[in-house]
Amino acid sequence: MIEMKDLSLVYPNGTQGLKNINVNINKGEFVVIVGLSGAGKSTFIRSINRLVTPTEGQLFVDDENILKYKGKDLRKLRTKVGMIFQNYNLVKRSTVMKNVISGRLGHTGTLKSILNLYSKKDIALAYESLKRVNIEEKLYSRADQLSGGQQQRVSIARVLTQQPSVVLADEPVASLDPPTSHQVMKYLKKINSEDNITTIVNLHFIDMAMEYADRIIGMRAGEIVFDGPASEVNEKTFEEIYGRPIKEDDIRGGTEENVETP
Amino acid sequence: MSKPLNTNRVPASLVSKDTKFRMNIIMLVVLALYILSSVMTNSSILRFDADFFANVWNMIVQLFPPNWSYAGVVVDKLLETIKMALIATTIAGILCIPFSLLAASNIVQNKFLYNFIKMFLNIMRTIPELILAVVFVGLFGIGVFGGILALIIFSLGILAKLISETIEAIDMNPLEAIRASGGNTLQVIWYAIVPQVLPQFVSFTLYVFEINVRASVVLGFVGAGGIGLILQQQLNFLSYQNVSTIIVITFVVVVIIDYISNKLRGRLV
Amino acid sequence: MNIIVPPKPPKSGVKTIRNIIIGVGMLALYIWTFATIEIPWDRIFSQRTVENFDRVIPKLFSPDFTFASRVFEYMMETLFIAFTGSFMAAILAVPFGFFAASNINRNPFLNTLGKWILNADRTFPEILLALIFVVAIGPGAFAGVLAIAIHSVGMLGKLYSEVVESIDMNVVEAMEANGANKIQIFFYGIMPQVIPEFLSYAIYRFEIDVRASTVLGIIGAGGIGTLLVISSRNRNWDEVGMILLVIIIFVSIIDYISTFIRKRIV
Ligand SMILES: Nc1ncnc2c1ncn2[C@@H]1O[C@H](COP(=O)(O)OP(=O)(O)OP(=O)(O)O)[C@@H](O)[C@H]1O
Ligand SMILES: [Mg+2]
């Protein structure tokens, strides 16, 4: 469903973000991208919803080359491809509900969205999404009153409300402590299997990658240096991807225990 | 025999010679400028003679007591003044939205457009509202309309500057999130920018309302409506007791408006 | 699909009522304002306005450069008025600033009184003060200088007092412990701490005063406003254009220089 053919990206300042990427991601796969800082993980992910635009090659989502998309087409693509960010990217002063319903923006007319005229169905969907990440009772709290893990769950709910067929997550747990990290990954995994949503996650913790991924893609200096099922991966593979021995920082550790239950 | 102190080694002053020299030069220049400008404006210290104090005292004495029977006229005109400020602030508040977005470097990617709008706003703020009022009265004739236009232009410059600076300080992450979920430009503004700047927007608008109330008090001097008109009139008629009525009532009302506005702003941010 | 609607947000009745009252109040205020303001729309949208535009606008944007030297002369007078006024205010504001600073003037009554005087002073626009002085001592730049000086003392005094309130009192205490007297403490312990900020604020005030002085002439208190009134009464809009141009240039340059110097001081 996502296919990259000889995809390259050079940033305006000359940095090579992606180099000759050839990859095919199937519907419903849970892919984890690993690699050192600066390897091009974010660039890879952000190409798929065109937050950055590759400069060469082809990128197909549902058999359509998305690199030429502009305006309306681009927004339609982005409604189909949801995104979760390291820093949650919620509007801090707005309520949880308002943040979650903003996942419907791509499906809603401008005037209606500005006047807050959402259909009952949309509102129910937003509420349902909140329930799925077990945070429905924070409905009317302001986003800045929530803990980091709770905020990330709200941002997952926002993506769910969008009803995407692909979810991209750029280091979704980098700002969280170990138990909360596992909790967030579990929710991602859950929506992946329940809704058959293709999920692509950037991580740099090797233990988490091995635990949650179906498939692991390793990147270095803009290139794919490893691509295979998670079952075939061991520490040695990571040392090859990273080009250095594994360090303590590369492992998140912990389990979901001790996390406050909502 | 004890040696005399070697005076060559004792520093001559508490600050270095260079600093002292520079300070003295600056002081001299400033003083010279003051003497020059006070002579040019015929307002040297010598002007503060017995005559001067006698004249000022004479004026002050004539201001008292205020003529309270004139208060009705004053209140009428003062209300007009406040209405002018209210209308101008409201319109400037609406108009400033596109301007402040265009003058925010994190929103507008086009450097040329951004610099052009910034410069335009800067120029707008250099022209005092009273001078704008003179021009608008020339265009539209005597009355509140020219005054309101002058206030709009003037406060638009201030508001757009303050709010564009607020927009430049917002968290850009939510904008990316809204864009990534397929929102268009208007939806990005409404869902990601507006909630972040709304409290400051209201606070600055109130602040500009305070400024506009004060400014509209004097617009009448050039025929642009409000209480300034009767103030100048009564001074020309030498009805000083009416003048002091105007001043006292205006003063009280301005203080009350400032107080309320300050309280509201304190609760916002 | 089975629709489950979220619970209604918890709303306290008091808050709802308050919001309704505020909303209705604002609406009423606006209706009253627009209904009672006297704007002669028929005159504003009349043939005469169109003619005015045709006459005024093109001339406004083609300034009369033969008029430049005269405008320049009056602009210089404006600068002189602003400078004299700001200088006087910068000096006068020092005692006021200390009088209104709570760490120096420890009598709460006198202290509050000082703050009130400064606040009250700032509510009188300089042009209003100028008008009164024109009547009391006759027209001319002197009236303008006095107005600028008196109005500026209000703001400078308040800013100075805030600077004084933020100084490090430990230094003062150390000097008291050394046996220094009040005057010594003032010159060695306090002044060095406040001089840079005082200067910076005084320059900032000069910047504002230049702008304020451009309008003084409108009511006979000297400076470039004098020309503006004459030119606009005579409907010489190309001269008005020249005046505006000179004001924009001078004010911009002075803002620029003032910002530059202030950055270096503090
Ligand atoms: N907007 C940009 N302009 C120029 N260069 C960029 C830009 N964004 C990223 N780069 C460069 O592209 C390369 C890949 O960056 P990318 O953000 O994709 O790495 P990453 O693997 O996500 O790293 P991290 O783990 O630190 O997030 C880096 O060398 C980076 O400096
Ligand atoms: Mg990254």
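Tutor: Helices here are DSSP runs of H or I with at least four residues, strands are E runs of at least two, and both are numbered from the N terminus. By that count, chain C has 11 helices and 0 strands. Read from the N terminus, its elements go α-α-α-α-α-α-α-α-α-α-α. Keep in mind that this is a predicted model, where local features need pLDDT of at least 70, side-chain atom pairs need 80 or more, and totals for chains, interfaces and linings use all residues. Residues count from 1 along each chain as its sequence is written, chains are lettered from A and ligands numbered from 1 in written order, and side-chain values use heavy atoms, with hydrogens and water left out.

Now the overall build. The C-alpha trace of chain C spans about 80 × 80 × 45 Å along its principal axes. Its radius of gyration (over C-alpha atoms) is 26 Å, whereas a compact globule of 266 residues would sit near 18 Å, going by the rule of 2.2 Å times the number of residues to the power 0.38.

How do the contacts run along the chain? Take contacts (heavy atoms within 4.5 Å) between residues of chain C at least 6 apart in sequence: 77% of them join residues at least 24 apart.

As for burial, 47% of the 266 residues of chain C count as buried, meaning under 20% relative accessible area with a 1.4 Å probe and protein chains only. Chain C has about 14,100 Å² of accessible surface (Shrake-Rupley method, 1.4 Å probe). Carbon and sulfur atoms account for 67% of that surface.

Notes
Buried means under 20% relative accessible area, exposed over 50%, partly exposed in between (1.4 Å probe, protein chains only).
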